[in-house]
Amino acid sequence: MWIDTVSDILHEAAATAILPRYRSLADGEVTEKTPGEVVTVADREAEELITRRLRSVLDAPVVGEEATAANPGLITALRDAPAAWLVDPLDGTANFIAGRPEYAVMAALIRNGQAVASWIVQPAEGRTYVAEKGSGAWRDGIRIHRPSAPVDPADLRGAALTRFLDPAAKARVQAATSRFATLGPGTKCAGVDYPRLADGVQDFLLYQRTLPWDHVPGALLLTEAGGVAHRPDGTAYRPTDAERGLLAAADAHSWRTVHAILMQR
């Protein structure tokens, strides 16, 4: 499954395109691609490098976040192509611009619409997470097994990204904050929050917008570590979904507990 090869590619992109600009972005290296969505020269250069390298490993369509912003039709390869690469060259771009370490470089391999492998590199922290469907999840070569979460919701630690929630859903989250040990916005980087969930640092994540490059790598990591990532109706998250809403949790019991508090009207 080329686990080490793809890991090396993501590290190369981080070393050449991302880390040299960490806390040293020049004027003009940050632009707005859509209202409220920023992109840097590091995003674009990293994606170009990763795309070239991945095609030399497996000649398949590469669905990159920045390429898809320019050509939205690329995303259909996740559904239609026998195999496709998925790339988020710099997840947590706003954190990167602000000089915060919560950013990541991510990729996944999709076969017949299913994620079969994923990679998350956290350059500022020096961590690498990988997952292979049916084989497990690893952090820096050490197998990850997500422990069960506390049964009492008052002991659960979670994050809810409320930016894209409708007003009623946002109000439910705000009203429920005191029912959990912690409930905040998270790091605003899926490439950091999913690994924290897999590692046991937090117990659940709630999202509304679920773009595949943001969620496929982490969702596979979590499920291979023993957690769950389901849509609000309880169905498993898939890369080709066009649905909205995603609750990821340490286990099925915590998923049901959090769902009842945050997502049931």
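Analyst: A residue counts as buried under 20% relative accessible area, as exposed over 50%, and as partly exposed in between, with a 1.4 Å probe and protein chains only. The model is predicted: local features need pLDDT of at least 70, side-chain atom pairs count only at pLDDT 80 or more, and totals for chains, interfaces and linings use all residues. Residues are numbered from 1 along each chain as its sequence is written, and side-chain values use heavy atoms, with hydrogens and water left out.

User: Why does Trp 2 count as partly exposed?

Analyst: Trp 2 has 31% relative accessibility. That value lies between 20% and 50%, so Trp 2 is partly exposed. Trp 85, at 0%, is under 20% and therefore buried.

User: What makes the pair of Trp 2 and Trp 85 tilted?

Analyst: Rings of Phe, Tyr and Trp (its six-membered ring) pair if their centres lie within 6.5 Å; planes under 30 degrees apart are stacked, over 60 edge-to-face, and the rest tilted. For Trp 2 and Trp 85 the centres are 6.2 Å apart and the planes stand at 50°, so the pair is tilted. Trp 2 lies in the segment before helix H1 (3–18) and Trp 85 in strand E4 (residues 83–91), so the pair ties together parts 83 residues apart in sequence. Helices (H or I, at least four residues) and strands (E, at least two) are DSSP runs, numbered from the N terminus.

User: What makes Phe 96 and Tyr 103 an edge-to-face pair?

Analyst: Their planes are 75° apart and their centres 5.1 Å apart. The angle is over 60 and the distance within 6.5 Å, so the pair is edge-to-face. Both Phe 96 and Tyr 103 are buried.

User: How many aromatic pairs does the structure hold?

Analyst: The structure holds seven. Trp 2, Trp 85 and Trp 119 form one aromatic cluster.

User: Why are H7 and H8 called roughly parallel?

Analyst: Axes are lines fitted to C-alpha atoms, for helices over the stretch in contact, and angles run from 0 to 180 degrees between N-to-C directions. Under 35 degrees counts as roughly parallel, over 145 as roughly antiparallel, 65 to 115 as roughly perpendicular, and the rest as oblique. The axes of H7 (residues 190–199) and H8 (residues 212–225) cross at roughly 10° and come within 9 Å. H7 and H8 are therefore roughly parallel.

User: How do you know that Asn 95 is buried?

Analyst: Asn 95 has a relative accessible area of 3%, which is under 20%, so Asn 95 is buried. Asn 95 lies in helix H5 (residues 93–98).
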